[in-house]
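Subject: Structure handover

Hello,

Here is the structure for your files.

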Amino acid sequence: MERNHKTLQDAIGRFPKYEPGEQVWDALREKLNEQPLQKALQQMPLYEPDDKLWSLIEKKNKGSKTAMVWWYAAAAAIVLMAGVLLVRTNPSAGISYTQEKADPRLQTGTDLVTDVQYQKLKAYCEAETLVCNSDDYRRLRTEYEKLSSASDQLQEAIGDYNAEPELVRQFISVEQQKAEILNEMAKMI
């Protein structure tokens, strides 16, 4: 048995569900009707098993089970045709599997330091209304909240796996801007 069978099954289970578009199915139908495949199918040798084999199959599978044999034979023929098509069109195709561990340094935390500090400043402003009512402070607060919204959107776009480094760079840039605005707000108080 395969050594990492459970790990493989878990990884496959986490794949997102995907249904290909109609154009993919149309392209497959076209490929099945192409001349090289039809020619290869005509060149395949025919094989007829011995009569003893058929009589054994009939004895073993009486009744409706004989129809299943024909379904299995038809399915095997379709799989064989698809295999011939794949080998003819792309002889170097292969399947590979890797497992990577996420770098914790690239993970975006839900409890950002800037947001915690902003909440502290906001609580202080509720008690001390003099500075917090100034136009400059309100402008900084509005700008911070816009950046915070952008940060939330970037975190959602990044997702769990941080597959796009550009999104991580943008997220870091937004967080730095938030920290600068937070420093200006703190200096005013």
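Residues are numbered from 1 along each chain as its sequence is written, and side-chain values use heavy atoms, with hydrogens and water left out.

Confidence. pLDDT is the predictor's confidence in each residue, from 0 to 100. The chain has an average pLDDT of 76, and 79% of the residues score at least 70. Helix α8 has the highest mean, 85, and helix α7 (residues 129-132) the lowest, 71. Where pLDDT is low, the predicted coordinates should not be read in detail.

Make-up. The chain contains 9 helices and 0 strands; these are DSSP runs (helices H or I, at least four residues; strands E, at least two), numbered from the N terminus. Of its 189 residues, 17% are buried (under 20% relative accessible area, 1.4 Å probe, protein chains only).

Helix packing. Axes are lines fitted to C-alpha atoms, for helices over the stretch in contact, and angles run from 0 to 180 degrees between N-to-C directions. Helix α8 (residues 135-158) packs against helix α9 (residues 165-188) at about 160°, with the axes 9 Å apart. That angle makes α8 roughly antiparallel to α9 (over 145 degrees). Their contact involves 14 nonpolar, 5 polar and 6 charged residues (nonpolar: Ala, Val, Leu, Ile, Met, Phe, Trp, Tyr, Cys and Pro; charged: Asp, Glu, Lys and Arg; polar: the others, Gly among them). The axes of α6 and α9 come within 10 Å and cross at roughly 25°, so α6 is roughly parallel to α9 (under 35 degrees).

Core. The largest nonpolar core has 17 residues; such a core is a set of buried Ala, Val, Leu, Ile, Met, Phe, Trp, Tyr and Cys residues joined through side-chain atoms within 4.5 Å. Tyr118, Leu121, Tyr137, Leu154, Ile158, Ile181 and Met185 touch the most other members. Helices α6 (113-127), α8 and α9 each supply at least two residues of this core, and α9 gives the largest share, 7 residues.

One lysine. Lys178 sits in helix α9 and is buried, with a relative accessible area of 0%. The C-alpha atoms of Lys178 and Glu143 are 8.5 Å apart, although the two are 35 residues apart along the chain.

Regards

Conventions:
Predicted model: local features only at pLDDT ≥ 70, side-chain atom pairs only at ≥ 80, totals over all residues. Parallel < 35°, antiparallel > 145°, perpendicular 65-115°, else oblique. Buried < 20%, exposed > 50% of the residue type's maximum accessible area, 1.4 Å probe, protein only.
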